[in-house]
Protein chains: 2
Amino acid sequence: MSETVEETAGATVARDAGSHDDGLNRETVERVLAAVEADDHDALVEILDELHPADIADLLEQVSRSERKALITLWGVQLDGAVLSELEERVRDEIVAELPDHVLIQALQELETDDVVYLAEDMDEPQQERILRALDDVDRAAVERSLKYEDYSAGRLMQTEVVVAPEHWTVGNAIDFLRNEEWLPESFYDLIIVSPQMHPIGTVSLGRLMGSARKTRLRELMNEDFRTFRVDQSQEDVAYAFNKYHLISAPVVDADGRLAGVITIDDAMEALEEETEEDLRLLAGVGDEELSDGVFTIARARFVWLVVNLMTAIVAASVIGFFSETIQMHVALASLMPIVASMGGNAGTQTLTVAARALATRKLTASNMTRVIGREGIVGLLNGIGFAVVMGTLSALYFSDHVIGLVIGLAIIGNMVVAGFAGVLVPIGLEKLGVDPALASGTFVTTMTDVFGFFAFLGLATLVLM
Amino acid sequence: MSETVEETAGATVARDAGSHDDGLNRETVERVLAAVEADDHDALVEILDELHPADIADLLEQVSRSERKALITLWGVQLDGAVLSELEERVRDEIVAELPDHVLIQALQELETDDVVYLAEDMDEPQQERILRALDDVDRAAVERSLKYEDYSAGRLMQTEVVVAPEHWTVGNAIDFLRNEEWLPESFYDLIIVSPQMHPIGTVSLGRLMGSARKTRLRELMNEDFRTFRVDQSQEDVAYAFNKYHLISAPVVDADGRLAGVITIDDAMEALEEETEEDLRLLAGVGDEELSDGVFTIARARFVWLVVNLMTAIVAASVIGFFSETIQMHVALASLMPIVASMGGNAGTQTLTVAARALATRKLTASNMTRVIGREGIVGLLNGIGFAVVMGTLSALYFSDHVIGLVIGLAIIGNMVVAGFAGVLVPIGLEKLGVDPALASGTFVTTMTDVFGFFAFLGLATLVLM
C-alpha cells in the first residue's frame, strides 16, 4: 500500500542541506503574482532564479491565462528555455505562439536538440521555419532530421549529441579528448565505441573509464553486450526495455545500422510515465486532456467517450425493455437487476485492469495465456458462487421468496464468469487487432456484463416466475 | 495516442548489432523446458547464459510451479543472484523458501546491498538470520541498517555503496583514487563531495570530472544546488522528484544530515512505475495481485473489493425499491433508469481519474483547486445538457411521451453535475484525510451517482407522472 502524501506541490522534497530550492508552494506563487501585479521586473527575476525550471512550469500551468501572459511579458528576454520544455502541451503552445521570435530563439539556443525538437514539433509551419533558420547549421540539420521521424518514435526521443570513440583509443586518449572538448552533452554516461563506418560496436561507462589505467585500450574495456534501438521503434518499446533491463543510455541506429543518436534514461523515464498514464486514462475513458485545458476543450473530449457509453447503455436498456411484462408483475426484479449488472461490471473491470497491464508490461504472453484465461474463468466462478450465496440468501429473506433468491444467485454466477472471460479476452483480442488493449476495453466489457446480466436475470425470472 | 505493440515478450526490442540477447520468446521458453525435461544441465546453462536475468525471471514467472521447481533444481549453484531480484514477489518468495542455503548465499554474494535488502525483507526470520550471517561484516551491517527503515522509504530504496571525496581534492586525486579502488558500484554517476562530518555538500558528475583538467579542485567543479532525500521520505516522493527534476542520482541523509546512501535513477524509475501502477489498480479496485498468483489468492483478494461494491449496489437498489409503485405504473422507467445511473457513473469516473492523477503528480494544488472544482461542475453541466437533449428526445419519441423525455433529461443534467463535483471532491477529501486519493474513490463516486441518479429520475417521475 502507498504512503500518504504529506503536502502538495513538491514541498516535501528536498528540505535538507544542499537543496537550495524548495519546490513550489503557495507562498511562492503569491510572491510571483505580486511581483507581476506590481510590474516589478527585478523582483520577478530574483524569485524565478531561485526556482527549478520544472517548478516555474508548474507555476505557469497553475495561474490563470491572463496572469501567465503578464508574467511572460514581464520576464521578457530572460525567459529560460528549459521552462518551455517542462510545460504541458497546451500551455506551451499558447506561450510559444505569443512569444516574440527573438525571445524564443534565445530561449532555444541553450537547449539540447531533443528539447528543441520537442518544442518545434508543435509550432505552426511559418514559425517553425523562422525559428529553425535562426539555429546554427549543425543544430538545424539535427533538428530537421529528428522532425522527419514519427511522433513517439525512438528517433524523436533521442538526442543527437553523442560522444563516440574508436576502439583502438586508450583510456588516456579518451580522457584527453573529453578534456579538450569545449562542449559535452549534459546527460552523458557512456562513451559509444564505433567502427569506422559509424556502427556502434560497444559502450564504455564513464565509471569504467574512470576506474581504468590510462594506457588500457577501450577495446578491452568495452561492453559488447549492449542494446540498441532503431530510429523507427516506438517509445513504448524503448521505455519497456530501459525499465526491464535497467539501461542508463542506449545508442539509436538508422536503417543501415549507423549511429544516429542516443537515448538516456531520463527521457525513457518520461516516456514510461507517459505510456502508463495513457493506459490509465484509456481504461477510464479520458483522452490526453491536461489540467490547464479549458472547459469547452474538456467537455468536448469527454463527450465523445460518453457517447459510446450512451449507446451501450441503450443496448442494455433495450434488453430490459424486452422483459417489461415480467417486471410489471414482479417489481422486485427492478431493484435487484442493477445489482447483478454492477457485480459483473466491477468483476470485469478488475480482470480487465490486470490483463491490460500484463499485456502492456509483456507479462502476459503466448506461454501463459491459456493458463491466465482459464484462471480468470475459475476466479469468476468462485467469486460468483460466493456472491450468489450471499445475495441469494438476502433476496430470498427480504422478499420471502426463495425462487427470487435462486434466480439472482444463478444470474450472478453466470455474469461473473462472463466478466472473467470478457475481462481477459477483450484486451487480448484488441491487441491481436493491433489496437491498444486499454482503448475502450472498459466499455466493451461492461456492455457485455450489463447485457448478459440483465438478460440472464430477467430471462431466468421470466422462465421461473411467469 | 499510442503505438500498437508489434509482438509480445520483448521480442521487438534489441534486434540490432550489439544486442546479443534477443529477449524472451516462445521458442526460447520451449528450448529451456526441453532441457529441463531431459535433465540436461549443460544445455540449460548454455541457454540461460544467453539470456538477461530479467528475461530468465520472466520465464520463471510464466512456466508452471512444477516446471519452475525442476528448472531451479537443475540450474543448482549456477543460479544467478540477479534473477532473484528481478522476480515478482510471490515467485521470488516461493523460490527463496525452497533454495538450499549455500545456493542462496552464493547468489546474494554478487548483489549490491539494495538488492540484498530487497530479497532479505521477505524471508522468514530464521532464514534471514542464516543468510545475513553468511555475508561479510560490512555488507551485513549495511543490510541490517537498511532493513530498519520502513518499507517503501528512501532508506530502503538507497544503495549504501557510495563514492565520496573531500572538497579539497583535485580532479587528479579523484581519478587516481577511483583507479586504485578495487570495487566500484555498478550504478555510479556522481562523486558526492562530503564535509569532514560526512554531510554531503556538493556533487560532481563523472562527465564533469572527466572533462576537467587534473589540477582543478573538486570545490570549483561541484554542483551545490543538488537535491537530497531523508532516509524516512517515501519512495513516492523520491520517484516524483527524480521524474520532475530529471535527477540521475541523489544522496540520502540520516536524521543528523549525514550521508547514509545514494538513490540512482534506475531504482527511482522502478518506484515510479510501482506507484503509478498502484494508482491504476486502486482506481479499478484490484490490490497488488501478480499474474503468477494462484486462483484462490486472487479470488480472495478481489472478493474483498467486490463486497464493498455489493454494499453500495444494495443501497442503490433500495432507492429503487422505494419507488416500486411508480415503476409498476410506468414500466418504461425500469429500462431508462440504468441509463441515468450509467452516464453519471462514467462521467464521474472520468473526472475522478483525472483528479486522482493530478493529485498524484502534484499538478492539483491549493493554487488551482477552486478553479478545477468549478470547471468540473461546468463540464458536468455542459455535457449533462448535451446528453439530456439527446436522451430526452429519444425517450420522448420512443415512448411517445414528452413528459418522460423531460424527466430523464433533468435527471441526467443533475446527475452529471453531481458526477463532476463528486469526481473531484472525493479524491481531494481522501487526500486531506491522509488516505491515497485513488483508494476506493471509484466506489464512492459511483455510489453517489447511482443513488442520486435513481433518486432524481424516479423521484421526478413520481412527482410528475403519479
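This is a predicted model: local features need pLDDT of at least 70, side-chain atom pairs count only at pLDDT 80 or more; totals for chains, interfaces and linings use all residues.
A:Leu44 belongs to helix 2 of chain A, the stretch that runs over residues 41-50. Once its neighbours within four places in sequence are left aside, A:Leu44 is in contact with A:Val32, A:Ala35 and A:Val36, and also with A:Leu71, A:Leu74 and A:Trp75. A:Met198 is 154 residues away from A:Leu44 along the chain, and the C-alpha atoms of these two residues are separated by 48 Å.

Chain A contains 22 helices and six strands, and its C-alpha trace spans about 90 × 60 × 45 Å along the principal axes. Its radius of gyration is 29 Å, whereas a compact globule of 466 residues would have a value near 23 Å. If one considers the contacts in chain A between residues at least 6 apart in sequence, 65% of them join residues that are at least 24 apart.

The chain carries 33 positive and 76 negative side chains, with the centres of the two sets lying 7 Å apart.

A:His246 is found in the loop between helix 15 (235-245) and strand 5 (249-253), and its phi is near 55 degrees, a positive value in a residue other than glycine. With a relative accessible area of 28%, A:His246 is partly exposed, because residues are called buried under 20% and exposed over 50%. A:Arg362, in the loop between helix 19 (332-360) and helix 20 (369-398), likewise has a phi near 55 degrees, again a positive value in a residue other than glycine. A:Arg362, however, is buried, with a relative accessible area of 2%.

We turn next to the partner chain and the interface. The size of an interface is often given as the accessible area lost when the parts come together. Between chain B and chain A the buried area is about 14,000 Å², of which carbon and sulfur atoms give 60%. On the chain B side, B:Met210, B:Met269 and B:Leu291 lose the most area to chain A, and together these three residues account for 6% of what that side buries. The contact takes 156 residues from chain B and 156 residues from chain A.

B:Asn243 is found in helix 15 of chain B, which covers residues 235-245, and it is buried, with a relative accessible area of 13%. Leaving aside its neighbours within four places in sequence, B:Asn243 is in contact with A:Met269, A:Glu270 and A:Glu273 from chain A, and with B:Leu272 from chain B.

Elsewhere in chain B, helix 3 (residues 53-62) is mostly covered, with ten of its ten residues buried. The buried residues of this helix include B:Ile56, B:Leu59 and B:Leu60, and among them are also B:Asp55, B:Asp58 and B:Glu61.

Methods:
Residues are numbered from 1 along each chain as its sequence is written. Chains are lettered from A and ligands numbered from 1 in the order in which they are written. Side-chain values use heavy atoms; hydrogens and water are left out. Helices (H or I, at least four residues) and strands (E, at least two) are DSSP runs, numbered from the N terminus. The radius of gyration is taken over C-alpha atoms; the globule rule is 2.2 Å times the number of residues to the power 0.38. Contact means heavy atoms within 4.5 Å. Lys and Arg count as positive and Asp and Glu as negative; His and the chain ends are not counted. The place of a charge is taken as NZ of Lys, CZ of Arg, CG of Asp or CD of Glu. Buried area is the accessible area (1.4 Å probe) that two parts lose on being put together, summed over both. Buried means under 20% relative accessible area, exposed over 50%, partly exposed in between (1.4 Å probe, protein chains only).
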